[in-house]
Amino acid sequence: MPDGELSRAAAVSGFPEWLPHERLVEQRWIDTIRRGFERYGYAPIETAAVESLDALLSKGETSKEVYTLHRLQADEKDSSDAKLGLHFDLTVPFARYAAQHFNDLDFPFKRYQIQKVWRGERPQEGRFREFVQCDIDVINPEQVPLHFDAEVARVAGELIAELGVGPFTMRINNRKVLEGFYAGLGAADPLAVMRAMDKIEKIGPEQLGRLLRDELGLTAEQAQACLDLAQVRGSDASVADVVRKLGVTSDLLDEGLAELAYVLDALSDLPFVVADLSIARGLDYYTGTVYETTLDEFPAFGSICSGGRYQDLAGQFIRRSLPGVGISIGLTRLFSKMLAEGKLPLGAKTPTQVLVVVPSEETAGLAAEVGRALRSRGINTEVYHAPDKIGKQLRYASRKGIGAVWFPPFREGAEHEVKDMASGEQAVADPATWAPVSE
């Protein structure tokens, strides 16, 4: 194809498209995640791609990222589309959904969503305008048991490990620890300090210390205490003792340390979990436990799975307190990184497990019959599309990564035979009992 035609056929930047053998792996990932969510009793929901702009803009800082709807031939008298936008995450849609169906849900309500979302940001490594998120949340009127803070982390961590992306670290903190510590220090605006501390990995401790002193009015001693807290790490509840040795006290700090210790104890069997007191999750949306997950081999790539506890999910839609806790796996972000690094186990270009050959017009009916018999037993079967030389049909199967080729008994006295394309071995087979070799 000429270069000019190639340029016209190029996909829009930030909207990823995968080749068939890549898409097959992505679908297996989605199936793995879906099964994992359901293994823990999370129920599936799907919400509309669009929400009202009033709902989408309720977070304020995301307004520049929202794609709005506009019909090319819109009726000037009908402005309804102008009030709609594509959702940029799955949290706002879930909040609206929970409020709308409040009387029909059983609480605690455990839901999962695996859907595309859209954000109008500059495409770069790991950041797209269209991507798939895999979310789980637990919500409950008035109060959500702390047990679920550990459960959502366990579910996500187990699934990331199952995807085989290499070693990773799930860092856990509690915003009550941070807010209580900064308040105990005497900071005038603990939340402002928290938002500033969330920048530590981007700007480094030295520049952050200056920001705390010059812009937020902390003393040198207070700023250093904040930096000391951010250095605390640990894999068990003993991190609470390390924090207490810093000499700061407050009731909120004690409450946060108790919650953090509980979650760490509940996850003590997971080697990838670590307490990291530098994690804040910048949005004021979170009120308790927070999570961030990074690949050990690519720490600078940033978080591939994050979330936390929030006080009220659906306050803007319903006059009931609906606190919850949730976590999200950035599937497209993680998948694209593994693909770029050559770490995906790419294989066949088709879901076909066996190809039935068709050497002549006269044998096409028999080949089709074999295909139907195999499909009736759940075997993905493709019958070759035209009478052709056997060698050409074998090459077709090889190029597409089809694992087996079926030879029906095209002459009297012959038997069905199947050829294993990996080993080259060919043996007699029965369409009623044969099964492909498991991957």
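In this predicted model, Ile-139 stands opposite Gly-324 in strand E11. The two strands behind this contact are E5 (residues 130-139) and E11 (residues 324-330). They pair in the antiparallel sense, over seven bridges.

Both strands belong to an open sheet of nine strands. The order is E1-E4-E5-E11-E10-E9-E6-E8-E7, and the pairing is mixed. Strand E1 (43-44) stands at one edge and strand E7 (233-234) at another. Each has a single partner strand, so one side of each is left without a neighbour in the sheet.

Helix H5 lies across E4 (109-118), E5, E6 (168-174), E9 (286-295), E10 (305-310) and E11. H5 runs at about 10 degrees to E11. Helix H12 (residues 331-340) also packs on the sheet, where it touches E5, E9 and E11. The direction of H12 makes about 30 degrees with that of E11.

A second sheet is open as well and has five strands. Here the order is E13-E12-E14-E15-E16, again with mixed pairing. Its edges are formed by strand E13 (381-383) and strand E16 (426-428). Because each of these has a single partner strand, one side of each lacks a neighbour in the sheet. On average, neighbouring strands of this sheet are turned by 25 degrees against each other, direction ignored.

Strand E12 (residues 354-356) and E13 run parallel and are joined by three bridges. Within this pair, Leu-355 stands opposite Glu-382 in E13. Helix H13 (residues 364-375) packs on the sheet and touches E12, E13 and strand E14 (404-407). Its direction makes about 170 degrees with that of E13.

The domain assignment divides the protein chain as follows. Domain 1 comprises 10-71, 80-165 and 304-347. Domain 2 spans 354-428. The centres of domain 1 and domain 2, taken over C-alpha atoms, are separated by 42 Å.

Side chains of opposite charge can pair when their charged atoms come close. The count comes to 26 salt bridges. One of them joins the side chains of Asp-269 and Arg-154, at 2.7 Å from N to O. Asp-269 lies in the loop between helix H11 (251-266) and strand E8 (273-276), whereas Arg-154 lies in helix H5 (residues 147-163). The pair therefore ties together parts that are 115 residues apart in sequence. Arg-154 has 15% relative accessibility, so this residue counts as buried.

Another salt bridge is local to a helix. The side chains of Glu-206 and Arg-210 meet at 3.4 Å, N to O. Both residues lie in helix H8 (residues 200-214). Because they are four residues apart, about one helical turn separates them. Glu-206 is exposed, with a relative accessible area of 62%. Arg-210 is partly exposed, at 37%.

Asp-388 forms a salt bridge with Lys-392, and the closest N and O atoms are 3.4 Å apart. Asp-388 counts as partly exposed, at 24% relative accessibility. Lys-392 also counts as partly exposed, at 41%.

How values were computed: Residues numbered from 1 in each chain as written. Predicted model: local features only at pLDDT ≥ 70, side-chain atom pairs only at ≥ 80, totals over all residues. Heavy atoms only, no water. Pairing = 2+ DSSP bridges. Axes fitted to C-alpha atoms, helices over the stretch in contact; angles between N-to-C directions. Contact = heavy atoms within 4.5 Å. Domains from an automatic or database assignment. Salt bridge = Lys/Arg side-chain N within 4 Å of Asp/Glu carboxyl O. Buried < 20%, exposed > 50% of the residue type's maximum accessible area, 1.4 Å probe, protein only.
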